[in-house]
Amino acid sequence: MVAAKNASTRWLVRIIPLILAGCAGLATYVVVKLACLDYFLQRQQKAGVAAAFLALYFFFFLLMLLSYFRVFLEIQHNPGVTPLGERAIQQRKREKERKRRGRKEESDLEAGERYEACADNNPDSPGLERFYSKDVFVCNTDGRPRWCSSCCTWKVDRAHHCSELERCVKKMDHYCPWVGGVVGETSFKYFIQFTGYTALYCIVVIVATVICLKSKLESGLGVDGLVIAALAISAFFGLFTFTMTATSIRYAIVNLTNVDYLKSKNIVHQLAIRVPRGTQGTPKYSVITYPLPKRSGSGHQGASPRDQLATRTFAIVKTEMGENPWDLGPYKNWQSIMGNSPLDWLLPIKPSPCAVFENNDSFYEMGPLYQHLRERFGLPEVTSSEKEEIRGFKQQQHENGTNRT
Ligand SMILES: [Zn+2]
């Protein structure tokens, strides 16, 4: 379980479920007792109306509860964070220890070390192989993957560092105290379902309370304060969750997260795309060869013949502004998050396909832009014999495992 670093946020996460439970309790009392049983059934003798509202109310209440538990538990127990690097683990251990001892001054003195945690320059840096054993990954200008200086680890494609958790979260969407933490790749589907069902639930409460109030007013009966309170609360949450649902559905359809969306207009993605071994750079693109050379400046020519056999060359290319390499088209984008069948879209049971997707080619399924980029930059295709080679890096890595800086 990954908890928020701020104590106030941790408390908020504990208190909000109680507030929500209180609101749902009030709504249940008003809709079931005051509106359906007391008013529609007893006073107006409209059993059909009472039954219809009860059925709708409990139908959406149940779905809302189920999706709430699903999204809440997923966020607590499987938030989709990437593992910390060894340096970050040691640093955080030390920080914890210092805090425990209450030696604040010392922690201030050493705080600087967290920020000088620059990218690991070791060619055999742990986790690096996971990137270059793929055919495409997001990289920096130098062709190495992005580095998170706080987690001291290579950032997988589409991961974003969440300052609230102090961790990198895969496909981070936003931090949401209402559902107890960071909405990301593992929880986005359930989040959409939760906000969607809550909006529908609120609509049922609004309609039931408005009809009840209107009839009461017309027949000269007094207005009940509880009914007004339930109406106000459901209108507030209804509007809030409806907006969230509409926004989230839009993000799902264009395959962007909230974080992506905020910068989507002026972001350029830099990708390392695999090309045949030994491909030379051109004015259009530069190349990088993995595993990285042991001595800087020598290039891959300096590697031994055995190393050369296992090398992989990547072209470093940039997308145009605003292009999304993971855009699969609206329907497939939707399916990658919500699941392949309408039943998956409605029930908070199966995880998102994109959360369990990772193959030898890429971290996430690539959209048509990937092929367009190959054509746009004239990247040669990797021959099938090179593709089928057994990845022989592990042995080499093992031998050099103690070389870390
Ligand atoms: Zn991070």
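User: What should I know about the numbering and the model before reading it?

Analyst: Residues are numbered from 1 along each chain as its sequence is written. The model is predicted, so to speak of local features needs pLDDT of at least 70, side-chain atom pairs count only at pLDDT 80 or more, and totals for chains, interfaces and linings use all residues.

User: How many cavities of 30 Å³ or more does the search find?

Analyst: On a 1 Å grid over the protein atoms alone, a cavity is a set of points where a 1.4 Å probe fits but cannot get out. Points are joined across faces, edges and corners, and the volume is the space filled by probe spheres set on them. Here the search of the whole structure gives 1 cavity, with about 50 Å³ of space in the largest cavity.

User: Which residues line the largest cavity?

Analyst: A lining residue has an atom within 4 Å of a point. The lining includes K171, D173, F188 and C354. At least three lining residues come from each of domain 1 (7-81 + 185-261) and domain 2 (262-399); the bounds come from an automatic or database domain assignment.

User: Is strand β10 mostly covered or uncovered?

Analyst: Strands are DSSP runs (E, at least two residues), numbered from the N terminus, and buried means under 20% relative accessible area (1.4 Å probe, protein chains only). In β10 (residues 312-318), 6 of the 7 residues are buried.

User: Which strands pair with β10?

Analyst: Pairing requires at least two DSSP bridges between two strands. Strand β8 (residues 270-275) pairs with β10 in the antiparallel sense over 6 bridges, and V275 stands opposite T313. Strand β9 (residues 286-290) also pairs antiparallel with β10, over 5 bridges, with V287 opposite A315.

Technical notes. Side-chain values use heavy atoms; hydrogens and water are left out. On a 1 Å grid over the protein atoms alone, a cavity is a set of points where a 1.4 Å probe fits but cannot get out, and a pocket is an open set with protein on both sides within 12 Å along at least five of seven lines; lining residues have an atom within 4 Å of a point. Buried means under 20% relative accessible area, exposed over 50%, partly exposed in between (1.4 Å probe, protein chains only). Helices (H or I, at least four residues) and strands (E, at least two) are DSSP runs, numbered from the N terminus.
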